[in-house]
Amino acid sequence: MTQAEIKLCSLLLQEHFGEIVEKIGVHLIRTGSQPLRVIVHDTKTSLDQVKKALCVLIQHNLVTYQVHRRGTVEYEAQCSRVLRMLRYPRYIYTAKTLYSDTGELIVEELLLNGKMTMSALVKRVADRLTETMEDGKTMDYAEVSSTFVRLADTHFVQRCPLVSPAENAEPGPPQPAPTLVISEKDMYLVPKLSLIGEEF
């Protein structure tokens, strides 16, 4: 990792998420995988702020975590994913070109908000499209949902990993962090939604 790449990551994180998230993200990029208490100590940031910053970074797939045998959780920044933020305008433009305004807004919402449920995403995009329509007209949720399915079919969007079923079945104290898994065949599987009227 060159100093120029670290500086670019710093600027991208600052612009998109603010000073605290940038501080935590750059610290992890510089130092590699670290547990929560070390991040708090090294950055001289409150535990609450570090937790919130890590939540934002995990929500956007910019930080991953791993549970070790001794029960500690270590967090690691994904610099290559941070640098991909430079391509966000290209992703949005490509979605607009291939899937019209609906595809553009779906991709834009995902890039702005990170992981989202399909139902929340479809509702938000339909509401945004309705705002731009003439008085009295509304965007049909089924149309937005159909575009989402096409985006999944072409691997523009993918499903988030779920908590491992084995983890839920184990008796005893809970793990310090959930283990998330998804099989390759389920990555682009779209859930069935019942879309009636303008509400779910």
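Modeller: Rings of Phe, Tyr and Trp (its six-membered ring) pair if their centres lie within 6.5 Å, and planes under 30 degrees apart count as stacked, over 60 as edge-to-face and the rest as tilted. By this rule the count comes to three aromatic pairs. This is a predicted model, in which local features need pLDDT of at least 70 and side-chain atom pairs count only at pLDDT 80 or more, while totals for chains, interfaces and linings use all residues. Residues are numbered from 1 along each chain as its sequence is written, and side-chain values use heavy atoms, with hydrogens and water left out.

Biologist: Why is the pair of Tyr65 and Tyr75 tilted?

Modeller: The ring centres of Tyr65 and Tyr75 are 6.4 Å apart and their planes stand at 50 degrees, so this pair is tilted. Helices (H or I, at least four residues) and strands (E, at least two) are DSSP runs, numbered from the N terminus. In those terms the pair links distant parts of the chain, with Tyr65 in strand 2 (residues 63–67) and Tyr75 in strand 3 (residues 73–77), ten residues apart.

Biologist: Where do Tyr88 and Tyr91 lie?

Modeller: Both Tyr88 and Tyr91 lie in helix 6 (residues 88–113), three residues apart, which is about one turn of the helix. They form a tilted aromatic pair, at 6.2 Å centre to centre and with 40 degrees between the planes. Tyr88 has 15% relative accessibility and counts as buried, while Tyr91 has 28% and counts as partly exposed.

Biologist: At what angle do the axes of helix 3 and helix 4 cross?

Modeller: Axes are lines fitted to C-alpha atoms, for helices over the stretch in contact, and angles run from 0 to 180 degrees between N-to-C directions. The axes of helix 3 (residues 36–43) and helix 4 (residues 47–59) come within 10 Å and cross at roughly 115 degrees. Taking contact as heavy atoms within 4.5 Å, helix 3 contributes Leu36, Ile39, Val40 and Thr43, and helix 4 contributes Leu47, Val50, Lys51 and Leu54.

Biologist: How many helices and strands are there in the protein chain?

Modeller: The protein chain has nine helices and five strands, and of its 200 residues 34% count as buried.

Definitions and conventions
Buried < 20%, exposed > 50% of the residue type's maximum accessible area, 1.4 Å probe, protein only.
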